[in-house]
Protein chains: 4
Amino acid sequence: MPDRRYVITFGCPDRTGIIARVASFVADAGGWIVEAAYHADPDTGWFFTRQEIKADSLPFGLAELRARFAEVAASLSAESNWLVQDSGIRPRAVILVSREGHCLYDLLGRVASGELDVDVRAVIGNHDTLADITRAHGIPFHHVPFPPESKAEAFAEVREIVAAHDPDAVVLARFMQILPPEVCDEWAGRAINIHHSFLPSFAGARPYHQAYQRGVKLIGATCHYVTADLDAGPIIEQDVIRVDHGDSVADLVRKGRDIEKVTLARGLRWHLERRVLVHGNRTVVF
Amino acid sequence: MPDRRYVITFGCPDRTGIIARVASFVADAGGWIVEAAYHADPDTGWFFTRQEIKADSLPFGLAELRARFAEVAASLSAESNWLVQDSGIRPRAVILVSREGHCLYDLLGRVASGELDVDVRAVIGNHDTLADITRAHGIPFHHVPFPPESKAEAFAEVREIVAAHDPDAVVLARFMQILPPEVCDEWAGRAINIHHSFLPSFAGARPYHQAYQRGVKLIGATCHYVTADLDAGPIIEQDVIRVDHGDSVADLVRKGRDIEKVTLARGLRWHLERRVLVHGNRTVVF
Amino acid sequence: MPDRRYVITFGCPDRTGIIARVASFVADAGGWIVEAAYHADPDTGWFFTRQEIKADSLPFGLAELRARFAEVAASLSAESNWLVQDSGIRPRAVILVSREGHCLYDLLGRVASGELDVDVRAVIGNHDTLADITRAHGIPFHHVPFPPESKAEAFAEVREIVAAHDPDAVVLARFMQILPPEVCDEWAGRAINIHHSFLPSFAGARPYHQAYQRGVKLIGATCHYVTADLDAGPIIEQDVIRVDHGDSVADLVRKGRDIEKVTLARGLRWHLERRVLVHGNRTVVF
Amino acid sequence: MPDRRYVITFGCPDRTGIIARVASFVADAGGWIVEAAYHADPDTGWFFTRQEIKADSLPFGLAELRARFAEVAASLSAESNWLVQDSGIRPRAVILVSREGHCLYDLLGRVASGELDVDVRAVIGNHDTLADITRAHGIPFHHVPFPPESKAEAFAEVREIVAAHDPDAVVLARFMQILPPEVCDEWAGRAINIHHSFLPSFAGARPYHQAYQRGVKLIGATCHYVTADLDAGPIIEQDVIRVDHGDSVADLVRKGRDIEKVTLARGLRWHLERRVLVHGNRTVVF
C-alpha cells in the first residue's frame, strides 16, 4: 500500500509556462512530487497533466490545497477542468451484472486479495445468478429484474440504488442492458463498460458471432466510458487475443472472457486512480 | 457443452502409414473424427497424434475401444505411450495454495461459471488465508501448516489427501513449497505448476525481484509440469506482459498476476483435455 | 531449404472416413507424410485438409500423383476443390506499389536473404519512387501512371504486365488504387492486399486518421484476398500494436508500418506455401 | 518531419523542486515545452527527466542554452549527467554486420524511406555478403575479415573506421563477434546490440537452438547497450513472438528475424532521439 497522496489533474489551453506554474506552486508549498505526467495535444492545442504529491510533504490539508490550487487553475483557464483528489479516501463502486459471471468473479477476487482498492458497495443484477458469490464476499446483492414491458421502472430502481452510494464508478460488468440517455447523463464520466469486441468493430449485439462471421484472426475487448451513443464512448483500454479457423463461436466466447476481465480491471483501476482524462471522444491515460 | 467424445493420444517412432493405420481403424468402426492433429518431430524421428471421436458414432463403448486400439498401438510400437479417454468422465483436480489468492480465485470462478469443466475435490493450503473463499464455493479446504522443522510430515499429509482423490491434475497455484523428489515421482505427469517468470529466466525464488534488477521490458509466467529439477520441467504454456522503468517490484507483482492466472488456466485446460503430450523435456500441445 | 515436397489440399463435404481415404491413398503409394492438418467446420459441414508428402518417397512424379489423386477427390465430392502442388517449382509473384516503400523494401529484403522463396518477376508502380531500389535487386520495374481521367487504360496495362508472368500471387504492397471488379475477377484467389487497419474497423481511406479520431488503444493491419467488395475479402492474417494518447497520426503511420510489413509477409508466405484455403468469406490457415 | 527542437536530459539525486527549477528555467527564457517526461526511482532516490523544447521559441541558440543550463544542472547536482542536444543536427551511425542481412536490409529500408532519420556513414562486415545492397543505398561498405588468428588486428581496423565517423551509434546488426573490453569502453553508451533471445534467457551462442531444446512457447529478441559483460548490458527494448511444437530450429530462426529487426529499429530510434537514460544496469526509456 503506497503512502497517502494528493492527485492533481487538469486540462487547459496549451501555452508557455504551464509546467513551471504548477511545479512552482507545488514546490513553494514544500510538496514532493512522486509522479508527474504531461501531454500536449498539438491538434487541439490543449494541455493535460496529472501530479501525485506526497500528502505528508505539504504543511496543510486537502481543503487548503484545493483552495490554493483553484487560483492556479484559474490563472491557466482551467476553471472547470481540474480536480484534487486524496488517495486516502477509498473510492466507491457499484457493479451491474447480468448472468455472465467472469468479470464479476474477477473483480471480487481482486478486491478480496487487496489488489484493487475499492469499496464495492453493491452489486445489482437483472438476474440473481450471481447473488450467492456476491454475498459470499460480504457485499449486498440487489436483484432488479428487467421485464421487457417495464424496463423504465427497473432502471429507476437501479438509479436509486446507485444514487444511494454516490459511487466513483458504476461498472457495467457484462450488464447487457442498454442505458437510456438520462441514465448516461446521470452517470457521465463514471459509468464504465466492457464491450466484448475490439471497437469500433462489432459494436452492438453478439460481437463474437459477428467476429466469427467476418473471419477475423484476433478478437478483442474494449473498456470505455458509457455515453448515449451505444458503444461509442471514449475508450480507456483495449486488448486482443489470437484466434484461428479452428475456433467455434463458443471458443471465441471462452477466449474472449480472459481479455474482457483483464481489460475491464485495468480500465477500472486507471479510472479510480484518476489516471484517465477525457478529451472530446478520446482519453489521455497517464 | 460439446457432446461426449473419446480422445485417442499416442506417440510412436515415425514411419510411413501411421495416419492411414489409425484413421482406417476409426473409419472401419464407423467412427466420426471431430478433431485430428499430428506432429512428426524430424530431430527425434518420433510421431504424435491426438484424435477426438464422437462417442455415439461408434457401435461399442470405451472398454471395447481400448481393447481394439491396443492392437493398433502395438502394431505401431506405441505400447506404453497411448491413452484412450472418455470426455464424459469428469476429470478431478486437487489445488495446492499458499497465501496468494489470485490463481485460486480465478480457477474457482472458471469452475463456478462452467467455463472449466473439472471436479475440484479439495484445496490444500499451508496457510488458511484462502479457506473461506474455497468453502464458499462448496469445496473442502485442508489447512496443512509447513513448519520448517517438519516439512516431511506436512508433505506426507498432503500426499495422503491428494491420493484419496486420485486426481487427474495436482495444481500448484502459487504453492511456494518445493516438492521433494518422491512427491514429484508420485505426481509425475499430473503436477502442474505456475512459475511467475518467463522460464528459463529467473528460476527459483523471487523472480519479480530478479526481473526488476535485470531491467527487462517484459515479464512473464510459465505453466509447466513439475519434475525433480526445480522450475525445469516440460513447459506447457507461457505468456508475457509489457512493463517499463516506471514499474516498481510491486507493480511487476500486480501486472504479473494477470499473466499467471491466465497462463495457468490455459495450461490446465489443455492438460485436462489431453492436449498435452510430453516428449523428453518438451511438450506437444495439440 | 527443405527437400522437395508435394502439397495436397482440398475441401469437401464432411463425412466419416475422409482422413482414412486420403491417408491410405498416400500410404499405399509409399508416400511419407511430413505434415498433415485437418479442419472440420461444424457449421457448414465442410472438411478441409493439407498434406505435405516427401517427393522422393513416391515412386512416380507430379503428373501421375495428380492423375491418381483425381479419383480420390472425385470419390469425396471434392472435384473442383483440390490441388496438388510441387514445392520444387518456385512460385512467381508480381508486386504492385505506389510511393510508400516499407512493404516493398521488406519483401525484397526477405527474397534477397533467401527467407522468402519466390520469383518476383516484376514490380509495377503508379509512381516511379521505388524504381531504383527494385532495379538494385535485379527486378524489372514498370512505371504505369494512374491519371484520374485514364485509370481504365492504366489498369489494362497493369493487367497485361501481370498476365505475361502468370503469377501465383499479385501482391498489393500499399498500392492505394481500388481494383475494378473485372480485375478482381481475373486475379481472384491470387491478389493479396495489406490494409493498414484491423479490419473490419477503418475500411476505406485514411485508416490511421480514422483510428486517431476514434481514440483506439491498438492499431492493426490486415492481409486479405482482394474481392470486388472493398476491404471485405477473406482475411489471411492480422496483427496489432499498442499506441497511446501521445501518438500523433504520424506516429500511428510509423508504428503501423512495422505491423503492415510483417503481416503482409506472413500472409504471402502462407499463400505461397498453399496453407490458405478459402471457405466462403473466411480462411482456413494450416 | 517535426520542427527543430532542443532535447534536455539529465539525472540527479531526487529532492523537492526539481521539476519547478527546470520548468521555470525554460519558461523564463520563453521556451515552449513540446514533450516532458519525469521519472523518480524510489529505490535509488534518483530522478530523471527529458524535455523537448521548440528551438525557435528560445531567443538564443544551442551554445547559449548549454551555457545557461549548466548552472541549473550544477544547482541540482547533475554536473556530469546532463545533455542538451539539437534535433536539427542529424545523428550519425556506423553499422556492423556479418552474413545475416535481415537487420541491415530493414535499417537501410527505414533510412531510405525517411522513417529513420540517421546518417549511416558506413557499414562494416566481416564478410562481404552484404556489400552490394549497402552500396546500392549509396553507403560505403568496408570488408574487414576476422580470421581467428588475427582478430585483434581486425578490431583495430574496425575501431579506426568507426572513429573516423565519430558516430552517435555503433549498431551491431547481428555482427556475431564478441567485442574486446577496450572496444566496449571506447564505444560505451553508443554500441547497441540486438541479441536473438529474450535475455537473460539464452545468452551466448546459438540462442534459437537453446530455445528449441528448452521447449519455450515464445521466442524473443533484446536490444541492449554493449558492455564488457557479454549479453548483460542495460536493456533498451525487448519483444517476443509465439512459437509451438511444430516449429523447427529453422522456423525459430525465421520467425525470430521479424522480432529482431523491429526490436533493433525501435531501440536505435529511441537512442538517437535521446530517449534512453542509463541508470546502473537498467534503462529509463522516455
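Predicted model: local features only at pLDDT ≥ 70, side-chain atom pairs only at ≥ 80, totals over all residues.
Where the domains meet, 13 residues of domain 1 of chain A are in contact with 7 residues of domain 2 of chain A. The area buried between them is about 790 Å², and carbon and sulfur atoms give 60% of that area. On the side of domain 1, A:Phe48, A:Arg50 and A:Gln85 supply 52% of the area buried against domain 2 of chain A, more than any other three residues.

The contact between chains can be described in the same terms. The size of an interface is often given as the accessible area lost when the parts come together. For chain A and chain C, this buried area is about 3000 Å², of which carbon and sulfur atoms give 50%. In terms of residues, 34 of chain A are in contact with 34 of chain C. Within chain A, the residues that lose the most area to chain C are A:Arg214, A:His245 and A:Arg282, which together account for 26% of what that side buries.

The surroundings of C:Phe10 can be followed in detail: leaving aside neighbours within four places in sequence, C:Phe10 is in contact with residues including C:Val22, C:Phe47, C:Phe48, C:Phe69, C:Leu76, C:Trp82 and C:Leu277.

A:Thr134 lies in helix H4 of chain A, residues 131-136. A:Thr134 has a relative accessible area of 0% and is therefore buried, the limit for that term being 20%. Residues up to four places away in sequence not being counted, A:Thr134 touches A:Leu104, A:Leu108, A:Val123, A:Ile139, A:Pro140 and A:Phe141.

C:Cys223 is buried, with a relative accessible area of 0%. C:Cys12 is likewise buried, at 0% relative accessibility.

Several features of the backbone deserve attention. Most residues other than glycine have a negative phi, and most peptide bonds are trans. In chain A, however, the peptide bond from A:Leu199 to A:Pro200 is cis, with omega near 10 degrees. A:Pro200 is placed in the loop between strand S9 (191-195) and helix H7 (207-214) of chain A. In chain C, a cis peptide bond joins C:Leu199 and C:Pro200, with omega about 10 degrees, and C:Pro200 is in the loop between S9 and H7 of chain C.

That loop of chain C also contains C:Phe202, which has a positive phi of about 60 degrees although it is not a glycine. C:Phe202 is buried, with a relative accessible area of 11%. In chain B, B:Asp231 has a positive phi of about 60 degrees and is not a glycine. B:Asp231 lies in the loop between strand S10 (218-225) and strand S11 (235-242) of chain B and is buried, at a relative accessible area of 10%.

Strand S12 (residues 276-279) of chain D pairs with S13(D) in the antiparallel sense over 4 bridges, and D:Val278 stands opposite D:Thr283 in S13(D). The hairpin has 2 residues between the strands, and D:Gly280 takes a positive phi near 65 degrees. In a regular strand the side chains alternate between the two faces of the sheet. In strand S13 of chain D, residues 282-285, D:Arg282 and D:Val284 point one way and D:Thr283 and D:Val285 the other way, and all are buried.

Technical notes
Residues numbered from 1 in each chain as written. Chains lettered and ligands numbered in written order. Heavy atoms only, no water. Buried < 20%, exposed > 50% of the residue type's maximum accessible area, 1.4 Å probe, protein only. Pairing = 2+ DSSP bridges. Contact = heavy atoms within 4.5 Å. Buried area = accessible area lost by both parts, 1.4 Å probe.
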